[in-house]
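I opened this model to look up a few local features and to write down what I found. My entries follow the order in which I searched.

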Amino acid sequence: MLYNSTQNAGEVVSAAQAIAQGISKDGGLFVPQEFPHYDTATLEALLKEDYKGRAKKVFSDFLTDFTAEEINDCVEKAYTEQKFNGSNPAPITYCKNGGKELNILELWHGPTCAFKDMALQILPHLLTKSLKKTNDGKTAVILVATSGDTGKAALEGFKDVENTKIIVFYPVDGVSPMQKHQMNTQEGNNVTVCAIEGNFDDAQTGVKKIFTTQSVNEKLGENNMLFSSANSINWGRLLPQIVYYISAYCDMVNAGKIKLGDKINVVVPTGNFGNILASYYANIMGLPINKFICASNSNNVLTDFIKTGVYDKNRHFYTTISPSMDILVSSNLERLLYKLTGNSDTTVREWMNALKTDGKYEVSDEVKAVIKDKFYGGCCDDVQTKATINKLFTEDNYLCDTHTAVAVNVYEQYLAETGDNTPAVIASTASPYKFSKAVLEAVAPNEELPSTEFEMVDRLNAVSNVEVPAPLAGLKNKTARFSDVTASQKMEGYVLSSLGIE
């Protein structure tokens, strides 16, 4: 299987090259030229497999330049019971919500307690094998822009991995205290963390610019280095996310919640559009999905786009209690548009250039029609998010984080608007303890808040009786290693200085 750039179909690379390079030289994203088809017999066979077995099947169909032994090694090292606190890294919790059963796909049982672990525990293994195939002997410099969860998950995945260095940028006031503490206390001899003066979009734009600046890449080449990415712009990040939607479907069939062949809806709290795009790709492959419900917070650029076909980032940027979704430029939407335009790199390039120059673009009527048919967009603000957390905890004794609550709230909006009773899988993306202040305010609104983050964790634990994940509890007495802050326009210089390059 080969891969093209969304902005230059003439650029054709192998899976290993796509993973090692991270992003196309023209700034486009790599996408597969074709998708494998999973018929009923294929899905039936996957019912008998565990998560690792399902992952090996999906990876083998997309990474055709990897041997079966290489894929087996990657999967076995990534999805261990020790790392994910059990044999199923992505279990479904079934709970009632006003009489309607919620199928909550918990994607946060990994070492950093966020869904990014599902991809970032395997990406380092995929990347190191890809580098040996394509750039043997070079050190990969992993650049990451994060709105909170990707940064820590990438740092944890790549710490002390041979022939890699990782530099993470996060908005100084745009992550939760727990997320910031997770990143700034990160161990490892090859890791660097820096805050930027700006928001996530500033960090993401800065990283993309560095990736595509020829002079910077030449300096790295002179020092036997090359850039790669751990953001969801990297195909090696997106591919593992396809697996957990296929696995969730199999688990629901095995649990008797649906029959093989029945359709499901998928509900995803969405910022950069990668998580929900993975479910769309699973659908292209044959997974029976009826509707993709895209849930946003007050930064509702995707909600408006799905409803109107106009993507307009020229709007107020909100700093919310669901910071991983505080994004106005959803990078992975580019991949969806490439597919919906019949793989038209020219059209996608025009739209992406318009986004850079004017901050907006409008898709064609044909693309609007497909999006309206397959997707539903909804949003909610912080008040509604907290009310949803309170309701789930009060009525069902289920404690969720501020991003999962956005998904549940928007799903309730969808039900009220459509009456669609198709069983839905709701992606739960983080442990509630990563956002203790907001969750505590939601479930105990009349309590006086403790003064420190870990006192809030302890209080939330006492109020909810929900166990604090060991990786978060273990941070309590760790001292921060990193405290750098830089302006977004100085990120290039910071990267070169960190690498010891003049």
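**Conventions.** I am working with a predicted model, in which local features need pLDDT of at least 70 and side-chain atom pairs count only at pLDDT 80 or more, while totals for chains, interfaces and linings use all residues. Residues are numbered from 1 along each chain as its sequence is written, and side-chain values use heavy atoms, with hydrogens and water left out. I take helices (H or I, at least four residues) and strands (E, at least two) as DSSP runs, numbered from the N terminus.

**Entry 1, backbone.** Most residues other than glycine have a negative phi. Asp-160, although not a glycine, has a positive phi of about 60°, and Asn-163, which lies in the loop between H8 and E7, has a positive phi near 65°. For accessibility I use buried for under 20% relative accessible area, exposed for over 50% and partly exposed for in between (1.4 Å probe, protein chains only). Asp-160 counts as partly exposed because its relative accessibility is 48%, and Asn-163 counts as partly exposed because its value is 41%.

At what angle do helix H18 and helix H19 pack? I find about 90° between H18 (residues 382-396) and H19 (residues 402-418), with the axes 8 Å apart; axes are lines fitted to C-alpha atoms, for helices over the stretch in contact, and angles run from 0 to 180 degrees between N-to-C directions. That makes H18 roughly perpendicular to H19, a label for angles of 65 to 115 degrees. The contact (heavy atoms within 4.5 Å) involves Gln-384, Thr-385, Thr-388, Ile-389, Lys-391 and Leu-392 from H18, and Thr-402, Ala-405, Val-406, Val-408, Asn-409 and Glu-412 from H19. By class, I note five nonpolar, five polar and two charged residues in this contact, where Ala, Val, Leu, Ile, Met, Phe, Trp, Tyr, Cys and Pro count as nonpolar, Asp, Glu, Lys and Arg as charged, and the others, Gly among them, as polar.

**Entry 3, cavities.** Searching the whole structure, I find three cavities of 30 Å³ or more. A cavity is a set of points, on a 1 Å grid over the protein atoms alone, where a 1.4 Å probe fits but cannot get out, and lining residues have an atom within 4 Å of a point. Grid points are joined across faces, edges and corners, and a volume is the space filled by probe spheres set on the points.

The largest cavity has a volume of about 250 Å³ and is lined by 24 residues, of which Phe-115, Lys-116, Gly-271, Asn-272 and Ser-324 lie nearest its centre. H8, helix H12 (235-254) and helix H13 (274-285) are the elements that give two or more residues to this lining, which divides into seven nonpolar, 14 polar and three charged residues.

The second largest cavity, of about 50 Å³, is lined by Ala-145, Gln-204, Val-207, Lys-208, Asn-231, Ile-233 and Ser-331. Helix H10 (residues 200-211) gives the most to that lining, with three residues.

Helix H20 (residues 436-443) is mostly covered, with six of its eight residues buried, and the cover of its buried residues includes H18, H19 and H21.

Notes:
Angles under 35 degrees count as roughly parallel, over 145 as roughly antiparallel, 65 to 115 as roughly perpendicular and the rest as oblique. On a 1 Å grid over the protein atoms alone, a cavity is a set of points where a 1.4 Å probe fits but cannot get out, and a pocket is an open set with protein on both sides within 12 Å along at least five of seven lines; lining residues have an atom within 4 Å of a point.
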